[in-house]
Amino acid sequence: MSVAVTIESVQKSFSNFAALRGVSLDVQPGELVALLGPSGSGKTTLLRLIAGLEQADDGRVLFDETDTRRLSLRERRIGFVFQHYALFRHMDVASNIAFGLKARPRSERPSASEISRRVSELLELVQLGGLERRFPTQLSGGQRQRVALARALAIEPRVLLLDEPFGALDAKVRKDLRGWLRDLHRRTGHTTLFVTHDQEEALELADRVAILNDGRLEQVGSPDDVYDHPATPFVCEFLGEANKLPVEVVGGQAFFGNRPVLGGLQQNQGGAASLYVRPQHMRIVDDTPLALPGVVEDLRRNGPLRRAEVAVEGLIRRIDVDLASQVAPAIGERVRLRITHGSLFAAA
Amino acid sequence: MAGPSISFTSRRGDCVAVTASSWRQPSILPGFGLSLAITISALSLIVLIPLAALFLKAASAGPADIWAIITSARTQAALRLSFGAALFSAILNAIFGLIIAWVLVRYRFPGRRLLDAAVDLPFALPTAVAGIALASIYAPNGWIGALLAPYNIKVAYTPLGVMVALVFIGLPFVVRTVQPVLEEADADIEEAAALLGASRLRTIFRVILPGIVPALLTGFVLAFARAVGEYGSVIFIAGNVPMFSEIAPLLIVIRLEQFDYAGASVVATIMLIVSFALILAINGIQSWSRGRLGHV
Amino acid sequence: MSDSPLPAAIYRTDRALRDGFWIRALLLTLALGFLLLFLFLPLIAVFVEAFAKGYGLFLESITEPDALSAVRLTLLVAAIAVPFNLVVGVAAAWAIAKFEFRGKSLLISFIDLPFSVSPVISGLVYVLLFGAQGFLGPWLKAHDIEIIFALPGLVLATIFVTFPFVARELIPHMQALGSSDEEAALTLGASPWRTFLTITLPNVKWSLFYGVLLCNARAMGEFGAVTVVSGRIRGLTTTMPLHVEILYNEYNSVAAFAVASLLAGLALVTLALKTYLEWHFADAISAKSRH
């Protein structure tokens with residue numbers, strides 16, 4: 001039932017604004033892919049393009065082997081969950097879910113009893129059994145979201161598309177629904193793409209994450225892949241906090257000022273580069289040749305971790321360092337920082 | 001990483017793909033052609049072509065005749081009355097409209113909602129009905145006319161009567177444009193001003209009123225525009241004495257009844273041009289206000 | 001307030017935030033006095049004058065044949081003009097609210113145009129087109145078609161005057177709703193008509209009703225525009241407002257006010273319905289576009 005989605009160098013402009021500047025992406029059948037990016041990066045445009053709600057200026061979208069330009073909206077069979085759900089306010093939950101089935105031409109339309117059976121089935125699936133006669137305004141945000149999903153699933157979609165599925169919900173509900181959606185995807189196996197600007201959400205939910213910036217695809221990969229091996233500085237900074245050090249690469253070592261901070265680099269090319277290091281990849285060490293000396297200027301609690309802000313000579317911004325539980329430096333203490341993992345990008 | 005093979009490419013938008021018809025953005029919603037066709041056909045047939053006929057007719061009179069019609073004493077008197085009375089009534093409406101809007105938004109008193117609803121009466125009441133009612137009240141033997149008669153103040157059948165009618169029909173405009181702005185004006189602006197030590201008067205004149213000025217101006221121009229062209233509510237109370245209490249729209253009707261189409265068209269055209277100028281003025285006020293204050 | 005136990009500081013803060021008692025009293029008196037003088041007195045006068053000579057004469061005035069034919073004509077004109085403007089208004093709102101195209105703001109200005117044209121001119125333009133000496137007059141006469149001084153003229157002038165009402169109410173509401181409901185219906189496989197009838201129309205039904213209500217009130221009460229095209233042929237081309245004028249000019253004050261009171265009743269019903277809609281469906285009707 002689910003199809004592979006192939007996006008071939010699509011471009012889309014609105015008036016004078018280029019929303020997508022040539023994006024290609026292959027999605028396997030049954031895969032759950034996150035389209036991640038800041039606002040204005042083109043992610044929602046890409047989603048709407050796949051749905052057929054926008055038309056590409058150039059490039060094409062394939063479902064398996066079929067060029068979707070030849071399909072009407074009805075023929076595409078897209079399950080689309082809108083950011084604000086777009087539930088029909090004047091219809092109760094059951095009518096909302098049944099809408100797509102009732103809208104079919106007479107010859108393909110299931111019988112009334114079949115429709116109502118499907119509706120209850122779907123409501124059970126989204127854990128809203130018994131709410132058939134409620135109206136959208138009588139539901140909580142999380143419930144609306146699930147009704148929207150059930151409505152989209154009712155037409156047995158070949159692709160499920162979700163636009164910021166958790167964007168309008170508060171933090172607690174958001175977390176609950178994430179796990180639930182992941183579960184649901186495992187059970188139903190729809191090819192699914194969802195748009196989000198929340199990197200945590202994308203990394204937690206998706207099989208693969210596609211990161212967009214300014215209408216271009218920066219990187220596609222598994223959550224581990226994109227987080228630990230960002231392809232571009234943008235991806236690195238967008239996915240999580242990172243300290244940025246200007247370095248000079250010479251002979252397999254990276255130098256900050258004239259001090260080597262990272263060794264064992266494979267690349268043979270040298271020159272100016274930026275080294276990005278996440279706070280958890282900085283360690284306070286007693287002694288090592290490859291280390292960055294600094295002074296602890298502040299200590300804060302950052303969620304479950306403690307964090308030190310370390311001033312390093314030659315850097316305007318302080319370096320953030322996540323502290324292992326047994327390490328307890330004092331403010332004003334001189335420390336040495338070792339970099340355990342980093343991403344190096346040639347300076348532009 | 002045990003996922004399916006990934007292929008991704010990302011390239012610069014080097015292909016110039018401008019949509020063929022760039023006058024509208026493509027949309028998947030249906031019915032654009034049909035709905036626009038209905039709208040434009042109806043608009044042309046009902047509004048635009050007939051208005052064009054008016055300009056054509058006025059222009060066909062020839063420069064000398066047009067000049068003669070414009071400069072005739074009766075035309076001048078009628079236009080002067082229509083615009084003068086409209087201006088005066090719009091000023092009165094601006095003052096009282098602001099007070100009424102303030103009272104409706106800020107004060108709580110029994111019957112407030114009823115009063116709020118009643119403000120729209122001039123929109124709903126047919127003008128002819130308002131006209132005969134006002135005429136009967138302000139006639140020398142009417143409820144108010146009789147009160148004023150001893151002081152030798154005549155309202156009905158004088159220019160003063162024209163103004164009374166124009167105040168009536170213009171009243172809702174100012175109230176209804178100022179009211180929403182007052183409602184939306186956050187109480188915290190006033191609270192901030194008060195905490196900064198401003199007196200009540202200072203808060204009102206320096207903080208609240210400047211925010212209302214664009215809406216007040218818009219309401220004033222709307223009331224003025226409506227008053228200039230008003231006919232039904234005026235003719236009963238005006239007395240319609242040529243050169244004294246005869247308004248321009250009535251002059252158009254009289255010319256028409258004399259089959260003086262050119263005369264009617266020229267006066268109508270002058271009034272239309274003024275109306276268009278007023279629309280432009282309103283648009284100007286609104287875009288100025290949007291730019292400065294972020295609202296109308 | 002003077003015997004209030006509040007500490008002085010709070011009392012002073014209060015003074016800085018609220019109008020003092022005398023200011024309140026003054027403004028309230030001015031507002032109420034003004035409304036009484038200009039709104040309520042005329043309204044009361046209509047009914048007082050209508051019943052000045054008793055209930056019998058009132059009834060007689062509104063049931064005599066000319067009055068009845070004026071009522072019939074008024075209803076007929078509205079029954080043609082309002083549905084026409086309903087269809088056009090919905091079409092215009094759909095095109096304007098759901099699509100982006102060049103010239104849109106010009107189109108909106110054109111639709112609003114009749115609001116700023118004197119009603120007399122709204123009638124005049126049709127006389128210039130279709131009147132005996134109008135551009136099409138000779139042709140119409142040759143083909144025996146009557147427009148001016150007949151029903152078609154009354155209908156045309158009424159449509160002109162009420163042209164913007166429905167679109168005016170619908171456009172801001174449809175714009176505020178956006179298009180995602182329609183997009184959802186289309187992705188779920190609904191046809192364009194089904195989408196329009198089962199999604200769009202129910203979504204905007206209250207603002208549509210509101211627009212139609214105002215359109216109807218204006219259509220039935222229009223005076224200036226129909227004056228010009230009617231020719232005032234008693235019992236034939238006189239709508240209710242015109243009938244009121246004729247009676248009034250004949251110094252038949254009771255009859256004039258009797259018919260006028262019917263129109264005033266219509267206005268009150270309209271106001272009541274309008275207010276009801278505003279109170280109960282405020283979010284479905286954009287309050288700013290009240291007029």
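Trainee: Okay. What kind of model is this?
Mentor: A predicted one.

Trainee: How many helices and strands are in chain A?
Mentor: Chain A has 9 helices and 20 strands.

Trainee: And what box do its C-alpha atoms fill?
Mentor: Along the principal axes, the C-alpha atoms of chain A take up roughly 80 × 40 × 35 Å. Of the 348 residues in chain A, 53% are buried.

Trainee: What about contacts between residues apart in sequence?
Mentor: Take the contacts in chain A between residues at least 6 apart in sequence: 67% of those join residues at least 24 apart.

Trainee: Which residue comes just after α1(A), and what's its phi?
Mentor: A:Gly52, with a positive phi of about 90°.

Trainee: Switching topic: how much area do chain C and chain A bury between them?
Mentor: About 1600 Å², with 63% of it on carbon and sulfur atoms. On the chain C side, C:Glu183, C:Thr187 and C:Leu188 lose the most area to chain A, and together they account for 38% of what that side buries.

Trainee: How many residues does each chain bring to the contact?
Mentor: Chain C brings 17 and chain A brings 20.

Trainee: Which salt bridges and polar contacts are there?
Mentor: There are 2 salt bridges between chain C and chain A, and 4 residue pairs in polar contact. One of the salt bridges joins the side chains of C:Asp181 and A:Arg89, at 3.2 Å from N to O.

Trainee: Which element gives the most on the chain C side?
Mentor: α10(C), with 7 residues. Both α10 (180-187) and α11 (192-221) of chain C supply at least two residues there. By class, the side of chain C that touches chain A has 8 nonpolar, 6 polar and 3 charged residues.

Trainee: What about C:Cys215, buried or exposed?
Mentor: C:Cys215 is buried too, with a relative accessible area of 0%.

Key. Residues are numbered from 1 along each chain as its sequence is written. Chains are lettered from A and ligands numbered from 1 in the order in which they are written. This is a predicted model: local features need pLDDT of at least 70, side-chain atom pairs count only at pLDDT 80 or more; totals for chains, interfaces and linings use all residues. Side-chain values use heavy atoms; hydrogens and water are left out. Buried means under 20% relative accessible area, exposed over 50%, partly exposed in between (1.4 Å probe, protein chains only). Contact means heavy atoms within 4.5 Å. Buried area is the accessible area (1.4 Å probe) that two parts lose on being put together, summed over both. A salt bridge is a side-chain nitrogen of Lys or Arg within 4 Å of a carboxyl oxygen of Asp or Glu. A polar contact is a pair of N or O atoms within 3.5 Å; within protein, one must be able to donate a hydrogen and the other to accept it, and residues adjacent in sequence count only if both atoms are side-chain atoms. Helices (H or I, at least four residues) and strands (E, at least two) are DSSP runs, numbered from the N terminus. Ala, Val, Leu, Ile, Met, Phe, Trp, Tyr, Cys and Pro count as nonpolar, Asp, Glu, Lys and Arg as charged, and the others, Gly among them, as polar.
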